[in-house]
Amino acid sequence: MTKKAFGDQGEEAAARYLEQHSCRILERQFRTKVGEIDIIAEKGGELIFVEVKTRRPTHFGAPAQAVGRTKQQRIFRTAFLYVQKHGFEERACRFDVIEILVAGESYTVRHYENAFEFSGF
């Protein structure tokens with residue numbers, strides 16, 4: 001299985017998880033010249049920008065730790081473009097990370113709500 005296919009499986013699992021938790025998926029793999037956001041969802045009027053990290057269990061730290069400052073800034077810029085494009089300037093937003101830990105045929109989902117906050121560019 002390619003790295004992209006593995007990541008796509010994780011994104012599919014994350015989307016199902018969000019839908020099971022009353023979120024409505026608005027976009028998947030939203031791309032701009034600035035960057036990509038894996039999933040954009042909404043719940044209760046709030047926009048949720050989700051970075052999905054799919055990994056096999058490791059002793060080298062949680063997958064969510066791979067979302068560093070540079071990646072966060074790309075997500076912020078891309079989210080800003082999405083909000084502008086759709087006229088959502090007045091909507092509340094949050095930035096989440098979902099980890100998908102794959103072990104054989106099963107997986108575990110860890111959802112970090114408000115994993116990071118906008119801190120300027």
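Biologist: Which residue's side chain makes a polar contact with the side chain of Asp96?
Modeller: This is a predicted model, where local features need pLDDT of at least 70, side-chain atom pairs count only at pLDDT 80 or more, and totals for chains, interfaces and linings use all residues. Residues are numbered from 1 along each chain as its sequence is written, and side-chain values use heavy atoms, leaving out hydrogens and water. A polar contact is a pair of N or O atoms within 3.5 Å; within protein, one must be able to donate a hydrogen and the other to accept it, and residues adjacent in sequence count only if both atoms are side-chain atoms. At 2.8 Å, the partner of Asp96 is His111.

Biologist: Which backbone nitrogen does the side chain of Asp96 reach?
Modeller: Asp96 sits in strand E4; strands (E, at least two residues) and helices (H or I, at least four) are DSSP runs numbered from the N terminus. The distance from its side chain is 2.9 Å, and the nitrogen belongs to Asn114.

Biologist: Is Asp96 buried or exposed?
Modeller: Buried means under 20% relative accessible area, exposed over 50%, and partly exposed in between, using a 1.4 Å probe and protein chains only. Because its relative accessibility is 0%, Asp96 counts as buried.

Biologist: How far apart in space are Val50 and Ile37, C-alpha to C-alpha?
Modeller: Val50 lies in strand E3 (residues 46–55), and at 1% relative accessibility it counts as buried. Leaving out residues up to four places away in sequence, it touches Ile37 and Asp96, among others; contact means heavy atoms within 4.5 Å. Val50 and Ile37 are 13 residues apart in sequence, and their C-alpha distance is 6.7 Å.
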